[in-house]
Amino acid sequence: MALAFFDLDNTLVAGDTAQAFAEYMAANELPTPSDFLAVNHAYMADYDAGNLNLADYMRYTLSPLFGLNAETIAAFIERFIQDVVVSMTLPKAQALIQQHQDAGDEVVIISATGIHLVAPIARYLGVKHALGVDIEIKNGHITGELTGVPTFREGKVTRALQWAQEQGYEMTDTYFYSDSHNDIPLLEKALYPVAVDPDPILAATAQAKNWPIISLRQ
């Protein structure tokens, strides 16, 4: 049995769920500043460039949820999944997940998106295990602050190793699928790194290292 780690955004789904959620919040009249989407897009550009300040981004993009309780947020996210994420789902991605599950592999989604989105989206995709950026909850409300090691860049390696150890798995027979050069640290640790519809930097790295390059969109 192998471990099969999957990135989420632009890997298992066509697009970025965090950005789509920001747009969904703005469209559904949650309290957002007039430039909320423009600022979010600027943060996403920083992510693509490899210099995102994750703590600042999470604090900003989560701000419309600060006044809501956990039950209201969970219901809002479920509506977001049905209204938006369903249409982002890739049949080839679902088939690949199923292929690993049929082989008896343990499938884990590991994403730099907040766990408040990653966990319910993973459930929708039929994946039991989900690792995302953990965020602080105080008195039943999101504060926007991060907790623990974020699942971002080298942090994905730390969290994947930690999860495997806690679950009693070896990291010797491991797949990792991702589109982003931000995930090169974990791709380098995987026995079977796979670039999925990769960005230009990851595409060049995958070619140089002879990693497989696949598309789940075509």
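Rings of Phe, Tyr and Trp (its six-membered ring) count as a pair if their centres lie within 6.5 Å. In this predicted model, that rule gives a count of 13 aromatic pairs. One of them joins Phe6 and Tyr177, whose rings are stacked, with 4.5 Å from centre to centre and 10 degrees between the planes. The two partners come from distant parts of the chain: Phe6 sits in strand S1 (residues 3-6) and Tyr177 in strand S6 (residues 174-178), 171 residues apart. Tyr24 counts as buried because its relative accessibility is 9%, and Phe76 counts as buried because its value is 6%. As for Phe6 and Tyr177, they also belong to a cluster: ring pairs link Phe6, Tyr175, Tyr177 and Tyr192.

Next comes the sheet. Six strands make up an open sheet in the order S3-S2-S1-S6-S7-S8, and the pairing is parallel. Strand S3 (129-133) and strand S8 (213-214) stand at the edges with a single partner strand each, so one side of each has no neighbour in the sheet. Going back to S1, this strand runs parallel to strand S2 (residues 106-114), and four bridges join the two. Along this pairing, Leu3 stands opposite Glu106 in S2, while Ala4 stands opposite Val107 in S2. S2 also pairs with S3, again in the parallel sense and again over four bridges. In that pairing, Ile109 has Ala130 in S3 as its bridge partner. How many of the residues of S2 are buried? Nine of the nine are, so S2 is largely enclosed by the rest of the structure.

Helix H6 (residues 115-124) is the next piece to look at. H6 lies across S2 and S3, running at about 150 degrees to S2. Pro120 is found in this helix, H6. With a relative accessible area of 8%, Pro120 is buried; the cut-off for that label is under 20%. Leaving aside residues up to four places away in sequence, Pro120 touches Ile77, Glu78, Ile81 and Ile115.

Two other helices show how helix packing can be described. In general, two packed helices are described by the angle between their axes and the distance between the axes. Helix H2 (residues 36-49) and helix H3 (residues 54-61) pack at an angle of about 155 degrees, and their axes are 11 Å apart. That angle makes H2 roughly antiparallel to H3, because angles over 145 degrees count as roughly antiparallel. The crossing in which H2 passes H3 is left-handed. Which residues meet where these helices pack? On the H2 side they are Phe36, Val39, Asn40, Tyr43 and Met44, and on the H3 side they are Asp56, Tyr57, Tyr60 and Thr61.

Finally, there are two asparagines with a backbone angle worth a look. Most residues other than glycine have a negative phi. Asn10, however, has a positive phi, near 65 degrees, and sits in the loop between S1 and H1. Asn210 has a positive phi as well, near 60 degrees, and lies in the loop between helix H9 (200-209) and S8. Are these residues buried, partly exposed or exposed? Asn10 is partly exposed, because its relative accessible area is 25%. Asn210 is exposed, because its relative accessible area is 68%.

Technical notes. Residues numbered from 1 in each chain as written. Predicted model: local features only at pLDDT ≥ 70, side-chain atom pairs only at ≥ 80, totals over all residues. Heavy atoms only, no water. Phe/Tyr/Trp six-rings, centres within 6.5 Å; stacked < 30°, edge-to-face > 60°. Buried < 20%, exposed > 50% of the residue type's maximum accessible area, 1.4 Å probe, protein only. Pairing = 2+ DSSP bridges. Contact = heavy atoms within 4.5 Å. Axes fitted to C-alpha atoms, helices over the stretch in contact; angles between N-to-C directions. Parallel < 35°, antiparallel > 145°, perpendicular 65-115°, else oblique. Left-handed = near helix turned anticlockwise from the far one by under 90°.
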